[in-house]
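Hi,

Here is the structure I said I would pass on.

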2 protein chains.
Amino acid sequence: MNDKDLHSHHISQQFNSALDDVKTRMLEMGGIVEKQVADATTAFMNLDTGLAEEVNRGDELVNALEVAIDEECTIILARRQPAASDLRLILSISKVLSDLERMGDEAGKVADSAIKLAELGGLPRSVLEIRHIGDHVGAMVRNALDAFARFDSNMALQVAKEDRAVDLEYGTAMRSLVTYMMEDPRSISSVLQVLWALRSLERIGDHARNIAEHVIYLVKGADVRHADLDEMAATIKDSK
Amino acid sequence: MNDKDLHSHHISQQFNSALDDVKTRMLEMGGIVEKQVADATTAFMNLDTGLAEEVNRGDELVNALEVAIDEECTIILARRQPAASDLRLILSISKVLSDLERMGDEAGKVADSAIKLAELGGLPRSVLEIRHIGDHVGAMVRNALDAFARFDSNMALQVAKEDRAVDLEYGTAMRSLVTYMMEDPRSISSVLQVLWALRSLERIGDHARNIAEHVIYLVKGADVRHADLDEMAATIKDSK
């Protein structure tokens, strides 16, 4: 290796480490958001207002991380001017940050609903739907982040499939809660808190699907936003 | 001007025209989304299922535009490797695209609720809240796009202020609709469609605020996501 090669080798090592660093920080932020989602679900099920307030406080950290890591992405773009797959990685990370931040917001809304439901005295009926959909969506978040960490497009496709399952569960839960409200109109205010929380969880699932789409874009170079599951599966298969 | 200068002048002209082109296309997409929001509101008020279905069909165009314009942004980043304010412009455009696409989704949800409400036979009571908040949010979308077109951070601050006003109107409308449901439980299914539509409109306002924040970032270089209105106003004033 001559001096010039050694120099450019050194530069590219620095670059790789900056890329790895920003990816690691994004995944750490993802871990925090994953915990926010789990805690918000638990706070709702147990009407634990202390835990709900903790989730709300945690949202500030998530917001700050979004801004800080996105700034790192911009600096890498400006200084290193990455091309091809490195460019795609940075752009994907920047978009995942925005999805994670919105998941954090939705977890905060679940926590708000938990606090309001506790103030209203809870519900006479258990709301197992929240536990069930909360756990399902929590697993999607974890798997979407794992798929990103490993650049695993098959795992990403699985997350997109789960999103459809969550949407169906959400529809069933909504119908059962509407029936409940009609049978007991005094429960309307309380049941609405459950509806809002369910809707937020369903959104978190949508954002997990977005992250999965970014993974497929990264690995396969194909933009599968707005593609249906069959098209997505074909993209993954075709470009193998 | 010597040959070399002439050449780099030519290159920079090409670059400026690529930047202008992508900005123009994003603003055109914004115009389409603005119309989607207005049409969805009108469809809801008039229970016009034909117009609602038109809004839903339009969503495919919005999705396709997001992907196509974002691809243009990536190509500019890869080929031109812009720095400083040009880099900020491209990154902001890419983020605004995502907000516009989500606004289009929310307009589609308002249209879905209009169709469901029409199937349920409408509401005995007029829902002027939808008209009022729909118009208010429609103006925010228009002003946020105008602020972007003119790089006008004061106008952007105004949009952020309007978002707070919309949130208050939304809260009032929600409470009045919940009271209505309690007084007439047979109306629950119909009123829920109004609640969902209102929530979607409120979200569209949030996305307009996001666009306003991108304008402030562009003009002032300060990331004001998650800043409150006073901090935002101080940022605009300080860096004048």
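**What I found**

Start with a salt bridge between chains: the side chains of B:R102 and A:D99 meet there, at 3.3 Å from N to O. (The rule for a salt bridge is a side-chain nitrogen of Lys or Arg within 4 Å of a carboxyl oxygen of Asp or Glu.) Across the interface of chain A and chain B, the rule finds 6 salt bridges.

Before going on, some housekeeping: this is a predicted model, where local features need pLDDT of at least 70, side-chain atom pairs count only at pLDDT 80 or more, and totals for chains, interfaces and linings use all residues. Residues are numbered from 1 along each chain as its sequence is written, chains are lettered from A and ligands numbered from 1 in the order in which they are written, and side-chain values use heavy atoms, with hydrogens and water left out.

Now the interface as a whole. Chain A brings 37 residues to the contact and chain B brings 37 residues, where contact means heavy atoms within 4.5 Å. About 3,400 Å² is buried between the two chains, with 56% of that from carbon and sulfur atoms (buried area is the accessible area, 1.4 Å probe, that two parts lose on being put together, summed over both). On chain A's side, A:R102, A:W196 and A:H226 supply 18% of the area that chain A buries against chain B, more than any other three residues.

Away from those numbers, B:H136 sits in helix α4 (residues 128–150) of chain B; helices are DSSP runs of H or I, at least four residues, numbered from the N terminus. Leaving aside residues up to four places away in sequence, B:H136 touches B:E162, B:A165, B:V166 and B:E169.

Cheers

Terms used. Helices (H or I, at least four residues) and strands (E, at least two) are DSSP runs, numbered from the N terminus.
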